[in-house]
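Biologist: Hi! Could you walk me through this one while I have it open?
Modeller: Happy to, let's take a look together.

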Amino acid sequence: MSDIGHIKIALTTNSLTDVDADFASARQMVFYDVSYDSSAFLDVVQFAAGKASNGGKGPGGGAGCSGAGADDSAGDLTDRKIGALDGCAVLFTRKLSDFAAVRVRDAKVFPVKMEREREIAEVIEQLQAMMNKSPPLWLRKALGYGTRNNAFLVEKEA
């Protein structure tokens with residue numbers, strides 16, 4: 001988390017435009033900085049599972065954004081995905097196993113499982129609407145105001 005009122009979010013995706021992937025099978029995770037009225041793309045991390053036919057290289061022949069290796073086991077891949085969440089406040093994903101949800105929560109990231117695929121822009125827009133109205137306790141904490149501090153509502157309106 002950077003400044004009060006800003007949160008870093010992660011979204012699991014295979015298309016880079018929609019939240020359309022389960023946590024375990026996601027080929028990419030995209031990261032955004034979201035505030036009350038703006039959002040900025042931060043990064044994308046790519047993951048390769050199992051033996052890759054291209055030696056773990058990205059589409060342009062490089063190492064890929066995350067430098068993923070070609071011989072990742074499922075456990076190593078989960079560890080890398082959890083590690084990629086460093087600094088995030090919220091993870092948006094299609095599905096998440098109980099084991100992975102506990103690991104995400106232990107990393108101090110709030111997991112949000114979505115019932116259907118949604119465009120990333122739509123997810124960010126809905127998050128901003130929640131931030132601007134009456135955010136739930138987990139979102140207030142992620143925004144840096146603490147779970148019992150309602151002063152942010154007054155501060156935000158000033």
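**Salt bridges and cores**

Modeller: R116, R118 and E122 are linked in a network of salt bridges, a salt bridge being a side-chain nitrogen of Lys or Arg within 4 Å of a carboxyl oxygen of Asp or Glu. This is a predicted model, where local features need pLDDT of at least 70 and side-chain atom pairs count only at pLDDT 80 or more, while totals for chains, interfaces and linings use all residues. Residues are numbered from 1 along each chain as its sequence is written, and side-chain values use heavy atoms, with hydrogens and water left out.

Biologist: How far apart are the N and O atoms for E122 and R118?
Modeller: That pair meets at 3.2 Å, while the closest N and O atoms of R116 and E122 are 3.5 Å apart.

Biologist: Is R118 buried or exposed?
Modeller: R118 is buried, at 14% relative accessible area; buried means under 20%, exposed over 50%, and partly exposed in between, with a 1.4 Å probe and protein chains only. R116 is partly exposed at 47%, and E122 is partly exposed at 32%.

Biologist: How many salt bridges does the whole structure have?
Modeller: The search finds three. R103 also forms one with D79, with the closest N and O atoms 2.8 Å apart. R103 sits in helix α2 and D79 in helix α1 (residues 74-84), so the pair ties together parts that are 24 residues apart in sequence. Helices here are DSSP runs of H or I with at least four residues, strands are E runs of at least two, and both are numbered from the N terminus.

Biologist: Switching topic, which residues of α2 are buried?
Modeller: In α2 (residues 98-106) they are A100, A101 and V104. They cover an arc of only 100° around the axis, which puts them on the same side of α2; the arc is taken from the directions from the helix axis to the C-beta atoms. The face turned away from that buried side carries the exposed residues D98, F99 and D106.

Biologist: And which residues touch the most other members in the largest nonpolar core?
Modeller: Of its 23 residues, they are I7, I9, L11, Y32, V34, F92 and L127. A nonpolar core is a set of buried Ala, Val, Leu, Ile, Met, Phe, Trp, Tyr and Cys residues joined through side-chain atoms within 4.5 Å. The largest share of this core, five residues, comes from α3.

Biologist: What else is there?
Modeller: A second, separate core of 17 residues includes A84, L85, C88 and V104.
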